[in-house]
Amino acid sequence: MLSRVIDITMLEREKSKAERKDDLKTPFLSSSSMCVPSCASWASRADIDALEVRKAAFEVRGMECASCAGAIEKALKGLPGIKDATVALIQNKVLVFYRPAFIDKNSIKEAIEDAGFEAKLTEDGTEDSIMAVCRIRIRGMTCTSCSESIETALGKIRGVKKAVVALALEEAKVHYDPKQGNIAQIIQAVRDAGFEADLINAGDETNKVHLRLEGVSSSKEAKLIEISLQSLAGVNSVEMDSNSDNVSVSYDPDLTGPRSIIQCIQQTGPEQNYYRARLSSPPGRRDCDRQDEIKCYKKYFLWSCVFSVPVFFLSMVFPMISPWEDLKLVNKLTLGNILRWVLCTPVQFIIGRRFYVGAYHALHRGSANMDVLVALGTNAAYFYSVYTLLKLLTSDAFKGQDFFETSALLISFILLGKYLEALAKGKTSDAIAKLMDLAPDTAMLLTLDDDGNVTSEMEISSQLIQRNDIIRVVPGAKVPTDGIVIRGQSHVNESMITGEARPVAKRSGDKVIGGTMNENGFLLVKVTHVGSETALSQIVQLVEAAQMARAPVQKLADRISRFFVPFVVAAAIITWLGWFVSGEVGIFPQTWIPTSMDGFELALQFGISVLVIACPCALGLATPTAVMVATGKGASQGVLIKGGNALESAHKVTCVVFDKTGTLTIGRPMVVGIKLFTSISLQELCDVATAAEANSEHPLAKAVVEYTRKLRGKYGSDQGFLLEVTEFQALPGQGVRGTVLDKEILVGNRRLMLDSDINLTPEVEEHLQETEQLARTCVLVAIDKQIEGAFAVADPVKPEAETVVSILKSMGIASIMVTGDNWGTANTIAKEVGIEMVFAETEPLRKAERVKELQIKGMTVAMVGDGINDSLALVAADVGMAIGAGTDVALEAADIVLMKSNLEDVITAIDLSKKTLARIHLNYVWALGYNVLGIPVAAGILFPFTGIRLPPWLAGACMAASSVSVVCSSLLLQSYKRPKQIRSLHTETVPHNYYSP
């Protein structure tokens, strides 16, 4: 097990991430694990919230190396109720996050002592309660003012520490102390604010399965199942609903899984399968809610058209073609007036009820939103029209016109806009939907005997796969989950996950990623990661988290939204008074007033138009929709951006700091050249060298063996054939010696040859000097006291590194190398890739200091690294970019993850950031420009000069179109393509023939 041996200051940052497990583990599941032991220990803690997580810190003595830390982690993570455990070897401390409903501090302390170490509970970890997290689906938000109101309401709840509301996602993420508040209070607060709210999930959804129960007829039977599940090894918590129909089980994937949990339920009753369980979809699925919202708006719009279209014809068309509409009933009241009133009323009060409700709740909480503007505008038109009807009914001299068509058409157009907006917003999350659909629905589960022979196979749901299962993947099928190939070979298309266009060869021992496509061979895969631990799930989680985060540029819309609606209401009142008073005192001629209305009605229309044309929604959607599309598009390109902050900062980058090993270079020794000093053939030299080096564990030896294997593969030789070596001897710091085909073979460095009395010819000496100047290691091969050839071994520069540095330079971005390697090697690599500024022999802490020094000089710094030693610099930089093949700590510390481990994606990330910020600014220009130009036009600024005025129903259509246009503008980011310089390269991280002889 890989242990995190890091500074204690990073423990808090890493506390929510479980440690990576070994790729292959012995299965823990057996039939005996299905029995139901006593549950007295759990029952004693039944009064404690099962979702609560606490922290305990222990001082541990006796740890000497990383294996000790790994042993403690393994011991702790095998306990029920342990959420995470992190060991700081240097500080001799262990930080444990546990659920007190299932385990206490004394049991944790005993587990550490049972592992062979002394443990002492420290004061800083006695009773710290960890913030619980829940996600809430919220419906009814229309603009930034709504999201701010919800955040304010949630912030007033006792125990809530942080609440983030995402307008475009229609979600809220709330961090709260479960000791002081609960989920019911949070949901009720949202509903009291005037919005619909439903729980998406609570607590940690990692490794959690939702099941629907069948055959349960009483609460006693439900309790029996609950106790049985709680007693199953590896089950952390069980949540049974009040109707006993559904159960949610949180589990440790090392010990159990969904299939075993279902089997446990089936074995609980008096006979096999007395109780049954099947997978159930968790509540609050975004795609279902989005479809429901689209259907709802469509239904309301169509019903509104049933009434508003006849109103339109009665007002605009029939008076010009037929006199019957003007048929008088009483005094001046006509048949047309009555029909328009009857048809408009359902639209105003039934179909338009949502605007009244929204406006009431907005005003009740002391704010104003779009619903307030719509309600004011439509009410003004409707009730003035009702007043007109009463005057026409009671007076035979009154001349006035009703505006029923204004009210009805206004609501219809707004509903149409909301429908189109919902459709467009659904498109912004297409990237996540496509990622989630990559995993196949089913998988072929195999059972193997001790000899590795297949004894049975069964098709199961992919959601029932457990760690250490053996899965068969046929040609043309998708890999169901992450794992390691144990048999077979094929090529796998990973473009849907990493963006890498060329299929990747897979053979025994290689890792495969769930959701990728197997192309041309059979593979047997041993499952290593399931559920939310898979690469696909983690990508989706990162993208969702990025879309929840609010970009700094969003602050502009937040500031404007606070006074936007009050300003518009004031502008509408001033507009109405201005036109009405001006008409009454004769400032403008009476000929300006249309013959079909009087001065009051003209002023009223101008005022209503101002109310309904102003659109705060477009401002609120300008940033989040663009961020949603950009993060999704980045994920499809293999660039995972963790939030709007990173996306915004990346476009300002003026300097990129590269780590060397594993970032600019491949990260492992490889043979990059070979030299023959005699007439020996290349194949013979490689065969004897490989025979000797095959028994060595040294990285340089492995590089020579791998080179020979590729050489044989190229020319069709037997890649598994090795000459027999006898009298093998490994000489530390020098090389190896042995006898092959009755010849003495020496493979090693200059010192080995000199100590073995082998003469170094001038040609050999010259080659050694040239190799050292190129920062390469020369491995000499001597046969019977004569040097026959030499391998040049190095950690080669990535093929794309030089081009990437060159492109960055053309973009006006400086490139700097910071490495812990020596100056000679660092300068050589820097010269090869074109980097002019180098900092070598730099410790991890010093790397972060170098980054800060650059920032002090006014540079916006991006750090690109892959290792634990880069994590501090990644955090210190304005934008941290982690290579996808790097360590967990580096990936956690970074703001952007480059999945393909390809440096070209550094340019892609920066370019995508620039394009996204440009799109956001364009959205703001459109949203602000629309309001700045639209409000004066609606107020009648053009009317005195051109006679053009904007009817209220047309102003409402413009308002609806503005929101749709902003979302569609953001959707244009889906057509994003990488820069032309990158697209023209078509290079891979390590081409198949790059190191071929």
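# Labels and their cut-offs

Me: Where is Ser 145 found?
Reply: Ser 145 is found in helix 5 (residues 144–155). Helices (H or I, at least four residues) and strands (E, at least two) are DSSP runs, numbered from the N terminus. This is a predicted model, with pLDDT of at least 70 needed for local features and 80 or more for side-chain atom pairs, while totals for chains, interfaces and linings use all residues. Residues are numbered from 1 along each chain as its sequence is written, and side-chain values use heavy atoms, without hydrogens or water.

Me: Why is Ser 145 called buried?
Reply: Its relative accessible area is 8%. Buried means under 20%, exposed over 50%, partly exposed in between (1.4 Å probe, protein chains only). So Ser 145 is buried.

Me: What does Ser 145 touch?
Reply: Ser 367, Ala 368 and Ser 561, not counting residues up to four places away in sequence. A contact needs heavy atoms within 4.5 Å. The C-alpha atoms of Ser 145 and Ser 561 are separated by 5.7 Å, although the two residues are 416 apart along the chain.

Me: How many helices and strands does the chain have?
Reply: It has 34 helices and 37 strands. Of its 997 residues, 54% are buried. Among contacts between residues at least 6 apart in sequence, 71% join residues at least 24 apart.

Me: What makes Tyr 382 and Phe 404 an aromatic pair, and of which kind?
Reply: Rings of Phe, Tyr and Trp (its six-membered ring) pair if their centres lie within 6.5 Å; planes under 30 degrees apart are stacked, over 60 edge-to-face, the rest tilted. By this rule there are 20 aromatic pairs. Tyr 382 and Phe 404 stand 5.6 Å centre to centre, with 65° between the planes. That makes the pair edge-to-face.

Me: Which parts does this pair tie together?
Reply: Tyr 382 lies in helix 12 (residues 370–394) and Phe 404 in helix 13 (residues 404–428), so the pair ties parts 22 residues apart in sequence. Tyr 382 has a relative accessible area of 5%, so it is buried. Phe 404 is at 0%, so it is buried.

Me: Why is the pair of Tyr 384 and Phe 600 called tilted?
Reply: Their ring centres are 5.4 Å apart and their planes are at 40°, so the pair is tilted. Tyr 384 sits in helix 12 and Phe 600 in helix 18 (residues 599–613), 216 residues apart.

Me: Is Phe 600 buried, exposed or partly exposed?
Reply: Phe 600 has 27% relative accessibility, so it counts as partly exposed. Tyr 384 is at 9%, so it counts as buried.

Me: How do you know that helix 18 is largely enclosed?
Reply: 14 of its 15 residues are buried, so the rest of the structure largely encloses it. From first C-alpha to last, helix 18 reaches 21 Å, close to the 21 Å expected at 1.5 Å a residue. The expected span is 1.5 Å times one less than the number of residues.

Me: What makes Lys 299 lie over the face of Tyr 300?
Reply: The charge must have NZ of Lys or CZ of Arg within 6 Å of the ring centre and within 35 degrees of the ring normal. Lys 299 is at 5.4 Å from the ring centre and lies over the face of Tyr 300.

Me: What joins strand 31 to strand 32?
Reply: Seven bridges join strand 31 (residues 777–783) to strand 32 (residues 786–794), and the two run antiparallel. Pairing needs at least two DSSP bridges.

Me: In what order do the six strands form the open sheet?
Reply: The order is 27-32-31-30-29-28, with antiparallel pairing. Strand 27 (670–676) and strand 28 (725–731) are the edge strands, as each pairs on one side only. Neighbouring strands are turned by 15° on average, direction ignored.

Me: Which strands does helix 22 touch?
Reply: Helix 22 packs on the sheet and touches strand 27, strand 28, strand 29 (735–740), strand 30 (743–748), strand 31 and strand 32. Its direction makes about 80° with that of strand 30. Axes are lines fitted to C-alpha atoms, for helices over the stretch in contact; angles run from 0 to 180 degrees between N-to-C directions. Helix 25 (residues 762–773) lies across strand 27, strand 31 and strand 32, at about 155° to strand 31.

Me: Why does Ser 696 count as buried?
Reply: Its relative accessibility is 13%, so it counts as buried. Ser 696 lies in the loop between helix 22 (682–693) and helix 23 (699–715). Beyond its neighbours within four places in sequence, it is in contact with Ala 701, Phe 728 and Val 736.
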